[in-house]
Amino acid sequence: MFLSKRFFPLFVTQFLGAFNDNLLKNAIVILITFKGATVWGLGPAQIVTLAGGIFIVPFFLFSATAGQLSDVHDKSVIARWVKISEILIMAIVGVGVAVMHFELLLFALFLMGVHSTFFGPMKYSI
């Protein structure tokens, strides 16, 4: 059943999404810590704490909307759009890392939280 043509792509997508979220958050935290970055007048310790909150807050803000969208629209369409948005967000991360723009990286972390918020109800409704 898990290796069936219907479910295996969903499991792979879910695994890679969770891996990507955690890798991004930890990479940003490591960059901030070891570069000694200051953002918005906050030191590295405060930014590391803030990064966790930035990733979590979209779940509080958009969970209800994400659940309604996954009930109303075709799940495969939502999955495609969410994964396309993940690619675009990772492009933003690439730019942020290339120029060491920590505000942009924190914004991308927020967008990945939004991404996860919309992917969650869709995968559970399947």
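Buried means under 20% relative accessible area, exposed means over 50%, and partly exposed is in between, with a 1.4 Å probe and protein chains only.

The model is predicted, so local features need pLDDT of at least 70 and side-chain atom pairs count only at pLDDT 80 or more, while totals for chains, interfaces and linings use all residues. Residues are numbered from 1 along each chain as its sequence is written, and side-chain values use heavy atoms, leaving out hydrogens and water.

I start with helix α2, residues 44-72. Helices here are DSSP runs of H or I with at least four residues, numbered from the N terminus. A kink of about 60° in α2 is centred on Phe-62; the bend at a residue is the angle between axes fitted to the seven residues ending there and the seven starting there. Buried residues of α2 include Ile-47, Ala-51 and Pro-58.

Next, aromatic rings. Rings of Phe, Tyr and Trp (its six-membered ring) pair if their centres lie within 6.5 Å; planes under 30 degrees apart count as stacked, over 60 as edge-to-face and the rest as tilted. The whole structure has 3 such pairs. Phe-15 and Phe-19 are stacked, because their centres are 6.2 Å apart and their planes are at 20°. Both sit in helix α1, 4 residues apart, which is about one helical turn. Phe-15 is exposed at 55%, and Phe-19 is partly exposed at 48%.

Phe-55 and Phe-59 make an edge-to-face pair, 6.0 Å centre to centre with 65° between the planes. In this pair, Phe-55 is buried at 12% relative accessibility, whereas Phe-59 is partly exposed at 29%.

Note on methods:
Helix = DSSP H or I, 4+ residues; strand = E, 2+ residues; numbered from the N terminus. Expected span 1.5 Å × (residues − 1).
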